[in-house]
Structure formats: C-alpha cells, structure tokens
Amino acid sequence: MTSTATAHTNIALIKYWGKKDAILNLPTTSSLSLTLDKFYTTTTVSKNDSIDTLILNGQNVDARKIQNFLNILRDELGTFDQLTITSENHVPTSAGLASSASAFAALTAAVTRELALDLPNETLSRLARRGSGSASRSFYGHFAVWHEGIDDKSSFAESIAAPDMPIALVVAEVSSETKKVSSTEGMQRAMTSPDYSSWIQNSAKQFLDIQNAIITSDIEKIGYIAEKNALDMHALNLTARQQPFTYFTQETQQILAIVSDLRHKGILAFSTMDAGPNVKIITTLNEAPTIVNHLKKEMPHLKVQTAASGPGVTYD
Ligand code: DP6
C-alpha cells in the first residue's frame with residue numbers, strides 16, 4: 001500500500017524566531033502565516049523491509065534528518081515498518097522559501113494516512129512541529145496561527161477564521177547568496193541579543209494586531225505589521241551577542257528600497273524576509289503585476305514570482 005499527501009508552504013507574517021525547548025521545538029512566541037498556492041511538496045510513503053529511504057525529486061538523498069523524524073513518530077504513534085519516502089518538491093529551494101515547512105507537513109500527513117490513523121489536523125500539526133517548527137502551520141489553507149504553548153500538547157497550529165481577500169506575495173529571488181546560516185542556527189544566535197526580550201513583547205502585540213487586520217481584510221495593515229515584525233527579527237541577528245550576522249545582501253537592500261519607493265508612489269507593498277537574502281512582497285493580486293514589472297525593470301536579473309493564498313493539506 002502507498003499513501004500520498006500534498007502540503008503547501010507557508011510564509012510567516014509574524015515570525016517564529018527562537019525556541020524555548022529545542023528538542024520539542026517549542027517556540028518563544030506564537031506565530032502567524034499565510035499558506036501559498038504556488039509552492040508545495042507532494043510525498044508518497046510505502047513500507048519497505050530494509051531502511052528508511054528518501055527519494056527527493058527522483059534522487060536518492062541523505063535521509064538522516066527524515067530518519068530522526070520518523071523515529072520521533074515511532075515513539076509517539078507506536079512503532080511501524082521502515083519506509084520509502086518519495087517526495088516531489090515544488091518549492092524552489094533557492095527561492096528562500098522554507099521547503100522544510102511543506103516537506104514535514106506532507107510527510108506527517110502521508111505517514112499517518114499509511115498507518116490508517118485518522119488524526120485531527122491539530123495533532124498532525126503538533127507532530128510535524130517536531131520535524132521543523134514552521135511545518136506545524138502548513139496543514140491549513142489561508143491564514144494559520146501556531147500557538148507557542150507551554151508543552152508538547154499545547155504547542156500546535158490551527159486555522160483562523162478569515163475572510164477571503166485578494167492578498168498576494170511577490171517573491172523576489174536574488175542572485176547572490178550570503179554564507180548560509182540555517183534557521184535553527186540563526187535563531188539560536190538571535191536569542192543572545194540584548195533586545196530579545198523586547199522582541200518577545202512586541203511580537204505578542206503584533207500577533208494580536210495582525211489578527212484584527214485580517215478579520216477586517218485590511219491588507220495594508222497586515223503588510224505594515226508583517227514588515228515591522230520581519231525587520232525586528234532581522235535586527236536581532238545583527239545585535240546578537242554571539243556570532244552576529246545578517247541574511248541581507250546588497251541586492252536585498254536594493255529591493256527593500258524599491259518596495260519603499262513603490263509605497264511612496266501609492267502602491268500597496270510591504271516586505272518580509274526569512275532565513276535568506278530573498279524578499280517577499282506583500283501586496284494585492286491587482287497590484288502584484290505593477291510590482292513585478294517595476295522590479296524586472298530596475299533589477300533585470302531577479303527571478304520574480306507571484307503567489308496567492310493557498311489550500312491546506314490534501315490527500316490523493
Ligand atoms: C524565519 O521552521 O525552518 O522562516 O524549527 O529549526 O526547523 P526549525 O526552523 P524553521 O524556522 C523558520 C523560521 C522563519 C520564520 C517562520 O517561518 O516562522
């Protein structure tokens with residue numbers, strides 16, 4: 001028997017950037033995301049009688065991270081056979097979008113389906129969190145919140161009631177990469193910033209404010225709060241006491257300047273960035289083409305794609 005699930009990636013508008021428990025992946029703050037239609041992972045699992053194996057986009061690749069995660073699932077759900085995981089990743093890893101979010105969500109969904117366990121999304125979210133924190137939010141379409149919780153049971157994501165709205169995300173992929181600092185490593189360093197406790201406080205307020213903006217479909221306010229939250233996060237990286245760093249390159253800053261310029265011209269455009277130099281621009285479906293054209297004119301080598309709000313996990 002085989003089981004297949006598809007999960008879309010999500011972009012955090014209120015970021016997860018620090019763990020209060022690194023084994024359980026319990027975050028220091030609650031976070032909030034938008035699921036994207038364009039980027040997703042489809043994963044099929046089947047039992048085998050040798051060893052957990054990962055075939056990613058047709059290639060047999062290093063499965064250690066997946067093996068660790070499957071062993072966590074064995075501890076939590078009761079042991080099960082070795083698995084062959086066949087994954088097609090439609091998240092260009094170079095696009096700086098967290099492919100681990102859709103990957104661990106799709107894997108958790110496919111494995112539990114294969115075991116004929118009909119678990120609610122909250123439980124799946126909690127399990128996927130152990131693989132990668134951001135994966136907890138990828139079970140839901142549109143907007144999701146991940147409650148930081150105080151222990152394994154209380155730290156899970158859920159969908160939030162939100163009206164349909166024409167929100168869009170323009171993903172601008174820069175050509176140059178800085179030295180990679182993984183998100184796990186980056187957040188560890190950020191937590192040594194003297195500003196970390198104010199970040200937690202500000203984030204709690206932004207988390208509430210953005211939910212009010214979502215309820216009223218106020219995309220401008222959503223963008224404003226998300227941009228502030230992301231810049232606050234990246235400031236922590238710079239002010240870390242241990243191994244300060246930045247994900248920003250010169251091109252990142254050039255794009256941010258263009259976003260600010262467009263805003264002065266009356267275009268709804270706000271930026272957000274994750275653990276890499278690429279910029280995602282929050283806007284409306286109407287205004288996205290103007291932003292894309294402008295970016296392509298000013299920085300012709302950029303790869304630019306537009307995504308809209310996407311669905312939750314689906315099963316074949
Ligand atoms: C900047 O979920 O990749 O994208 O739990 O260590 O695997 P681990 O981290 P990960 O971190 C994502 C960080 C972020 C913000 C976010 O998605 O909330």
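This report describes salt bridges in a predicted model.

## Overview

The predicted structure contains 13 salt bridges.

## Lys20 and Glu148

Lys20 pairs with Glu148 in a salt bridge whose closest N and O atoms are 2.5 Å apart.

Lys20 is partly exposed, its relative accessible area being 42%. Glu148 is also partly exposed, at 26% relative accessibility.

## Asp209 and Lys205

Within helix α5 (residues 196–215), Lys205 and Asp209 are 4 residues apart, about one turn of the helix. Their side chains form a salt bridge with an N to O distance of 2.8 Å.

Asp209 counts as partly exposed, at 25% relative accessibility, whereas Lys205 counts as exposed, at 52%.

## Glu227 and Arg263

A salt bridge joins Glu227 to Arg263, and the closest N and O atoms are 3.1 Å apart. The pair links distant parts of the chain: Glu227 lies in helix α6 (residues 219–239) and Arg263 in helix α7 (residues 250–264), 36 residues apart.

Glu227 has a relative accessibility of 13% and therefore counts as buried, the cut-off being under 20%. Arg263, at 28%, is partly exposed.

Notes: Residues numbered from 1 in each chain as written. Predicted model: local features only at pLDDT ≥ 70, side-chain atom pairs only at ≥ 80, totals over all residues. Heavy atoms only, no water. Salt bridge = Lys/Arg side-chain N within 4 Å of Asp/Glu carboxyl O. Buried < 20%, exposed > 50% of the residue type's maximum accessible area, 1.4 Å probe, protein only. Helix = DSSP H or I, 4+ residues; strand = E, 2+ residues; numbered from the N terminus.
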